[in-house]
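Reader: I would like to learn how to read packing features from a set of coordinates. Please take one feature at a time.

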Amino acid sequence: MGIAIGAAGIAFALGACGGSGAPEEAPDAQDSAAQGEDPAAGGEEASAQDPDLEGVPDVVAEVNGTEITKDEFTGVYESQFQQMAMQSQQTGQEVDQDQLKNDTVESLIGVELLEQEASDRGIEVSDADVEDALAETAETNQMSPEDFLAAMEEQGMPEDEVRTQVASQETVAKLVEDEAGPFEASDDELQEAYDQAKSQQEQMSAQQPQEGEQAAQEMPPLEDVKPQLEEQVTGQKEAEATDSLATELREEADVTVHL
């Protein structure tokens with residue numbers, strides 16, 4: 001699971017898993033930032049809808065006595081709404097905001113449970129861990145850490161919040177590693193991932209007959225893309241383990257949803 005911005009990234013991953021399988025990653029705020037796009041503007045162009053927060057209570061849920069506030073909910077909800085609104089430009093279907101609200105609050109509950117479990121196990125991250133994760137996030141988006149933080153600031157997330165969210169995600173990553181790791185990719189799994197990627201490329205080529213033959217020949221050998229495939233496979237395993245642990249913790253937790 002590629003690094004995203006903390007609770008928003010983890011929350012969406014958990015919501016997409018829905019208790020089975022691994023999440024399908026959607027573009028997030030930092031992807032748009034890397035491309036010089038304004039996610040908010042993209043959402044407005046893609047859909048006439050606006051995020052509907054009417055009636056959202058000040059406390060949307062309580063998890064083992066800890067409150068998840070409207071402010072926390074709003075930040076994640078609006079981010080995911082913007083991405084779904086951009087996707088709706090292609091599908092022509094409006095965003096199901098009731099479903100998105102439910103997915104968002106359930107995902108935030110999962111994040112809170114994971115953070116509580118990490119705390120119970122004494123799992124913490126250092127400032128150096130946060131800096132390394134921040135640098136990796138920026139590099140993924142082809143930006144320097146300074147430019148990445150500036151881009152997030154423009155999108156309404158100040159630097160201290162970015163660092164807090166990155167620390168949250170790193171904490172959960174350490175928890176999942178402690179629970180189910182280490183995550184490794186076997187040769188068979190790498191070959192399967194490669195074959196799947198090659199098949200997808202061939203299908204795309206078939207849809208573009210004029211470029212098909214050239215595109216099919218451009219698929220690099222497995223060894224050339226092995227690092228990316230390893231990241232993909234291990235990320236898939238980590239996502240599944242994260243979802244599984246969150247589901248297990250939810251079954252034993254005292255959770256009240258007010259939304």
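Reader: Is phenylalanine 81 buried or exposed?

Author: The model is a predicted one. The cut-off for buried is under 20% relative accessible area. Phenylalanine 81 has a relative accessible area of 3%, so the residue is buried.

Reader: What percentage of the residues in the protein is buried?

Author: Of the 259 residues in the protein, 40% are buried.

Reader: How many helices and strands are there in the protein, and in what pattern along the sequence?

Author: The protein has eleven helices and three strands. Along the sequence they follow the pattern α-α-α-β-β-α-α-α-α-α-α-α-α-β. As for contacts with a separation of 6 or more, 79% of them are between residues 24 or more positions apart.

Reader: How many aromatic pairs does a search of the whole structure find?

Author: The search finds two. In one, the ring centres of phenylalanine 73 and tyrosine 77 are 5.5 Å apart and the planes are at 10 degrees, so this pair is stacked. Both residues lie in helix 4, four residues apart, which is about one turn of the helix. Phenylalanine 73 is buried, at a relative accessible area of 0%, and tyrosine 77 is buried with a value of 0%.

Reader: Why do the rings of tyrosine 77 and phenylalanine 81 count as stacked?

Author: Planes under 30 degrees apart count as stacked. The planes of tyrosine 77 and phenylalanine 81 are at 25 degrees, with the ring centres 6.4 Å apart, so the pair is stacked. These two residues also lie in helix 4, four residues apart, or about one turn. Phe73, Tyr77 and Phe81 form one aromatic cluster.

Reader: What describes two packed helices?

Author: Two packed helices are described by the angle between their axes and the distance between those axes. Here, helix 4 (residues 70-91) and helix 5 (residues 97-120) pack at about 130 degrees, with axes 10 Å apart. The two helices are therefore oblique to each other, and their crossing is right-handed.

Reader: Which residues make the contact of helix 4 with helix 5?

Author: Helix 4 contributes Glu72, Phe73, Val76, Tyr77, Gln80, Phe81 and Met84. Helix 5 contributes Gln97, Leu100, Lys101, Thr104, Val105 and Leu108. By class, the contact has eight nonpolar, three polar and two charged residues.

Reader: At what angle do the axes of helix 5 and helix 8 cross?

Author: The axes of helix 5 and helix 8 (residues 159-180) cross at roughly 65 degrees and come within 9 Å. Angles of 65 to 115 degrees count as roughly perpendicular, and helix 5 and helix 8 are therefore described that way. The crossing is left-handed. On the helix 5 side the contact is made by Val111, Leu114, Glu115, Glu117 and Ala118, and on the helix 8 side by Ser168, Thr171, Val172 and Leu175. These residues divide into five nonpolar, two polar and two charged.

Reader: Where is aspartate 129, and which residues is it in contact with beyond its neighbours in sequence?

Author: Aspartate 129 is in helix 6 (residues 127-140). Leaving aside neighbours within four places in sequence, aspartate 129 is in contact with Glu170 and Lys174. Aspartate 129 is 37 residues from valine 166 in sequence, and their C-alpha atoms are 9.3 Å apart. At 23% relative accessibility, aspartate 129 counts as partly exposed.

How values were computed
Residues are numbered from 1 along each chain as its sequence is written. This is a predicted model: local features need pLDDT of at least 70, side-chain atom pairs count only at pLDDT 80 or more; totals for chains, interfaces and linings use all residues. Side-chain values use heavy atoms; hydrogens and water are left out. Axes are lines fitted to C-alpha atoms, for helices over the stretch in contact, and angles run from 0 to 180 degrees between N-to-C directions. Angles under 35 degrees count as roughly parallel, over 145 as roughly antiparallel, 65 to 115 as roughly perpendicular and the rest as oblique. A crossing is left-handed if the near helix is turned anticlockwise from the far one by less than a right angle, and right-handed if clockwise. Contact means heavy atoms within 4.5 Å. Ala, Val, Leu, Ile, Met, Phe, Trp, Tyr, Cys and Pro count as nonpolar, Asp, Glu, Lys and Arg as charged, and the others, Gly among them, as polar. Rings of Phe, Tyr and Trp (its six-membered ring) pair if their centres lie within 6.5 Å; planes under 30 degrees apart count as stacked, over 60 as edge-to-face and the rest as tilted. Buried means under 20% relative accessible area, exposed over 50%, partly exposed in between (1.4 Å probe, protein chains only).
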